[in-house]
Amino acid sequence: MSVSQFQIDSHGRRTHTSGELRADHVSQHVVLKGWVDCRRDLGGLIFVDLRDRYGITQIVFNPEHNAETAKIAEALRFEFVISVKGTVREREVAAKHANMPTAAIEVMADDLIILNTSEPLPFMVSAQESRETKASEDLRLKYRYLDLRRQELKHNVLLRHRVYQAVRRFYDAEDFVEVETPVLMKSTPEGARDYLVPSRVHAGKFFALPQSPQTYKQILMVAGMDRYFQIVKCFRDEDLRADRQPEFTQIDVEMTFATEDMIYDTAEGMLAQIWKDVKGAELELPFPRMSYDQAICTYGSDKPDLRFGMELHDLSRTFKGCRFRLFDSVIEDGGAVVAIVVPGMGDTGRGKMDKLDKNIVRQKLGARGLIHFRLPSDGSETVSSVKSEVLPAEFVNAAVTATGASAGDAVLVLAGAAPKVFEQVGDLRLHLGRDLGLISDSPDGPWKFLWVTDFPLLEWDEDSGRFHAMHHPFTSPRAEDMGKLGDDPGSVRAQAYDIVLNGSEIGGGSIRIHRPDVQQQMFDALGIEEEEAQARFGFLLDAFRFGAPPHGGIAFGLDRIVMLLTGASSLRDVIVFPKTQSAQEPMVQSPDVVDEHQLTELHIQLLDESQDDA
RNA sequence: GGUCCGGUAGUUCAGUUUGGUUAGAACGCCUGCCUGUCACGCAGGAGGUCGCGAGUUCGAGUCUCGUCCGGACCGCCA
């Protein structure tokens, strides 16, 4: 029989999936349907691993059992779609993959129907190959439907599904209302760049895809919805990273009459639900909290990775008046001298240290240069990278004491302007943590959650010469700092918080402003003119005039959460059809050009390429 | 916008340092043999615009310039 011949599926519906047959199914007659994961043709006997979403079952074709069926089976190749009618039986020889759930049995085929054939594959899909594919990501994205058949990606998709369900179950039980907010909204060019959608009906006007449903969810609070959540796509037209996609999914939450503690409780409850449902893990609640200032001073980051120690030490006082010019000048200018203690680095040679200095500290971190004190493990005298004539030994020893370093450790020191030098040492800490194998990205944890609280409300932007909202312009200042908004905006703390997991920011939120006068003060501090504020956010200011309740909320990066749960190294592995780093989608090849006609309808005229530089 | 790495058979790579015969390997594909495999085995075969374009050279996969694509990072991401 020719393979190309059209086959009618006379087997009827499948009786089982390829993942569920066990020893107690033996001697049952079954119908299985799925893909040929692989085929082992021994000349007479043919073994086929039949795969579907649920698992793999071994099918045996034996010419002595049914010659005609065995003959058809010779034509089977990778990824053919087949229907098999047969009898479950115990395996004569123990399976080599005894850990496979269906390893105890096989199906002796009585009949085989080839439902569809497959051309030779651009890359291997079969289970053995798929644990760690060698295919380039480019190719995998182009043939994403094949990539998604692989164990790893299939697992990620299914896990992501369980996360959605856990989230919905939790919020529903907590009386939250799921509401869909518009995807076509208006551009609010504060922050990230918007994706714009031209309006056909209104010449020269544009919708924008939401960077977040922020203003809508606040208005839902004004509307009395009380508790809202949504699993929602958000869009940002910025450059991509391994953990950044132009369209991504948020778990968006807002609560009326919320305090920070109420938000923390609910968020912790939701995360605990996810971890319980997906990992069977009980998270320890509540999560620890740390202020933004403390995070920067202790870890040099607003998203500290607590999976390992190596905290920062501010040695500015220790080195005060040390006569080492670099330290003295930095301290005099209000900068800081910051150190970390690296265990096991006390015997590291000068060459390696210089390499670290050159390749990492100077090139990658852009810092001024690494100073180090090594404490050999044999307890001999501390070796300083700076000669004692230049930096007296008493100061080196004081530094060693202050950091608590002991034999076998190295003390690494950077000096520079604060807070930048803290961040640089923080990056160095992360680099070394990874380098020394102190960080494990295993999907089994450990899970180190942390709330980072008391973020600054504003940050100074050198380029535009004005303050920017660190979170967003609707974030409420702390009540006690409200008075400083006018004279000393830089020192105002916000009621804003981030939730950090293993050094990744997986969510953030704030208590919002709910009074028009405070919102106006905030716009003033941001240098947004009244007219402009009215044009951009008038609808929100209006809403605040009609009994807006106090409210606050949080949004989680669902993709990042799934990425951490799966141990994936890239967001692209947990998104079914992701964009490449250049924000394109290789399978459908978007974005793409459109007809002149379509453009005309949208009142759009393209600039000449040559005018691009203008 | 910038820095760095990569692009050679359907796929993953070697070959580029030092330019020189017919560009190799593994997997996949095709043919034949093979009745207990599970990375099945054995034998044979087909398969290449060395990303693209210019340049240097007697001669370029290899050197130079440009360009496109992919990736990591910086800037950017309220």
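**Reading helix packing and aromatic pairs**

Student: Which residues in α15 do P516, Q519, Q520 and F523 in α14 meet?

Tutor: In this predicted model, those four residues of α14 meet E530, A533, F537, L541 and F544 in α15.

Student: What describes two packed helices?

Tutor: In general, one gives the angle between the two axes and the distance between them. Here, the axes of helix α14 (residues 516-525) and helix α15 (residues 530-544) come within 11 Å and cross at roughly 155°. An angle over 145 degrees counts as roughly antiparallel, and α14 is therefore roughly antiparallel to α15.

Student: Is the crossing of α14 and α15 left-handed or right-handed?

Tutor: Helix α14 passes α15 in a right-handed crossing.

Student: Let us turn to the rings. How many aromatic pairs does the structure hold?

Tutor: There are 17 aromatic pairs in the structure. To classify a pair, one considers the angle between the ring planes: under 30 degrees is stacked, over 60 is edge-to-face, and the rest are tilted. The ring centres of Y292 and F455 are 5.0 Å apart and their planes stand at 45°, so this pair is tilted.

Student: Where in the chain do Y292 and F455 lie?

Tutor: Y292 belongs to helix α8 (residues 292-299), whereas F455 is in the loop between β17 (449-453) and β18 (458-461). The pair links distant parts of the chain, 163 residues apart.

Student: Are Y292 and F455 buried or exposed?

Tutor: Both Y292 and F455 are buried.

Student: Which residues form one aromatic cluster?

Tutor: F170, Y171, F176 and F229 form one such cluster.

Student: Which residue lies over the face of F308?

Tutor: That residue is R429, at 4.0 Å from the ring centre of F308.

How values were computed:
Residues numbered from 1 in each chain as written. Chains lettered and ligands numbered in written order. Predicted model: local features only at pLDDT ≥ 70, side-chain atom pairs only at ≥ 80, totals over all residues. Heavy atoms only, no water. Phe/Tyr/Trp six-rings, centres within 6.5 Å; stacked < 30°, edge-to-face > 60°. Helix = DSSP H or I, 4+ residues; strand = E, 2+ residues; numbered from the N terminus. Buried < 20%, exposed > 50% of the residue type's maximum accessible area, 1.4 Å probe, protein only. Lys NZ or Arg CZ within 6 Å of the ring centre and 35° of its normal. Axes fitted to C-alpha atoms, helices over the stretch in contact; angles between N-to-C directions. Parallel < 35°, antiparallel > 145°, perpendicular 65-115°, else oblique. Left-handed = near helix turned anticlockwise from the far one by under 90°. Contact = heavy atoms within 4.5 Å.
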